[in-house]
Amino acid sequence: MRTTLYGSVSTASMVVHWLLIELEIEHDLVLLDFEKREHKSAEYLALNPAGVVPTLMIDGQVLTEAPAIALYLADRHPEAALLPALGDPARGVAYRWMFWCANTVQPAYRAWFYPHEAAGEANAEATREMARQRLEAAWQQLAEHLQAQGPYVLGEAPSVVDFMLVMLMRWSRNMPTPTDNLPVLKIYAQRMKARPSFAETCRREGITDWL
């Protein structure tokens with residue numbers, strides 16, 4: 001069965017696309033047009049009832065949630081060494097940072113980009129300000145971690161966590177204080193963006209900024 005990724009440009013599906021290319025997994029990419037609400041079509045909702053991206057069809061199953069898919073792909077290809085072995089304490093650190101992405105960073109971004117969802121239009125600006133503060137604090141936390149234990153999140157070698165984090169860092173590029181304002185994060189991102197798989201992901205998605 002052919003591996004198929006359903007996503008949209010500059011969304012959370014990018015990390016899955018990047019990993020598929022990094023791991024040389026042959027796949028089809030289906031980019032959904034959000035303006036046409038293709039992610040809310042009956043056909044797509046049959047795959048992903050939440051109506052969000054990414055959705056990955058692989059190994060005869062349908063997977064959703066970017067961090068979960070990323071971890072699955074890393075487990076599926078142990079030869080790439082993108083996750084420490086089972087039982088290795090470093091694997092627990094990897095889990096911690098992946099859940100940090102899902103529970104701390106992504107919700108704050110959601111509040112920044114869609115502030116009306118949390119408390120209505122009347123409170124949109126206050127919501128965005130709180131989201132901005134949370135994101136800036138989170139990225140400062142990552143910078144301090146990398147300064148002390150880098151150059152990658154788990155130390156000397158890149159892991160699936162770094163792919164996830166750098167994708168999320170990109171989302172800050174047009175915010176008042178983008179992650180590149182922190183020198184250690186800028187260097188960290190440049191190191192990951194130098195991977196040929198990043199350039200190829202951007203080429204296939206038509207992304208021309210933050211390269």
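# Reading a predicted fold

Trainee: How far apart are the end C-alpha atoms of residues 1-81, and what share of the span is helix or strand?

Mentor: Helices (H or I, at least four residues) and strands (E, at least two) are DSSP runs, numbered from the N terminus. Here the end C-alpha atoms of residues 1-81 are 25 Å apart, with 33% of the span in helix and 20% in strand. This is a predicted model, in which local features need pLDDT of at least 70, side-chain atom pairs need 80 or more, and totals for chains, interfaces and linings use all residues. Residues are numbered from 1 along each chain as its sequence is written, and side-chain values use heavy atoms, without hydrogens or water.

Trainee: Which feature does UniProt place at residues 1-81?

Mentor: An unreviewed UniProt entry gives "domain: GST N-terminal" for residues 1-81. Such annotations, given in the numbering used here with shortened names, may be inferred rather than shown by experiment. The UniProt annotation "domain: GST C-terminal", also from an unreviewed entry, covers residues 87-210. That span is 70% helix and 0% strand, and its end C-alpha atoms lie 37 Å apart.

Trainee: Where does H4 bend?

Mentor: A bend is the angle between axes fitted to the seven residues ending at a position and the seven starting there. H4 bends by about 30° at Cys101.

Trainee: Is Phe99 buried or exposed?

Mentor: Buried means under 20% relative accessible area, exposed over 50%, and partly exposed in between (1.4 Å probe, protein chains only). Phe99, in helix H4, has 52% relative accessibility and so counts as exposed. The buried residues of H4 include Trp97, Trp100, Cys101 and Ala108.

Trainee: Which residues make the nonpolar surface patch?

Mentor: A nonpolar patch joins side chains of Val, Leu, Ile, Met, Phe, Trp or Tyr within 5 Å, each with over 30% relative accessible area and no salt bridge. Leu86, Tyr95 and Phe99 make one of about 350 Å².

Trainee: How many salt bridges does the structure hold?

Mentor: A salt bridge is a side-chain nitrogen of Lys or Arg within 4 Å of a carboxyl oxygen of Asp or Glu. The structure holds 12. One of them links Glu117 and Arg110, with N to O at 2.7 Å. Glu117 is partly exposed at 42% relative accessibility, and Arg110 is partly exposed at 42%.

Trainee: How are Arg132 and Glu129 placed in helix H6?

Mentor: They sit 3 residues apart in H6 (residues 124-149), so about one helical turn separates Arg132 from Glu129. Their salt bridge has its closest N and O atoms 2.4 Å apart. Arg132 is buried at 19%, whereas Glu129 is partly exposed at 32%.

Trainee: Which parts does the pair Arg170 and Asp209 tie together?

Mentor: The side chains of Arg170 and Asp209 meet in a salt bridge at 2.7 Å, N to O. Arg170 is in helix H7 (residues 160-170) and Asp209 is in the segment after helix H9 (196-205), so the pair ties together parts 39 residues apart in sequence. Arg170 is buried at 1% relative accessible area, while Asp209 is partly exposed at 30%. Elsewhere, salt bridges that share partners join Arg2, Glu26 and Asp28 into one network.

Methods
Patches are made of residues with over 30% relative accessible area and no salt bridge: like charges are joined within 9 Å, nonpolar side chains (Val, Leu, Ile, Met, Phe, Trp, Tyr) within 5 Å. Accessible areas come from the Shrake-Rupley method with a 1.4 Å probe; for residues, only the protein chains shown count as cover.
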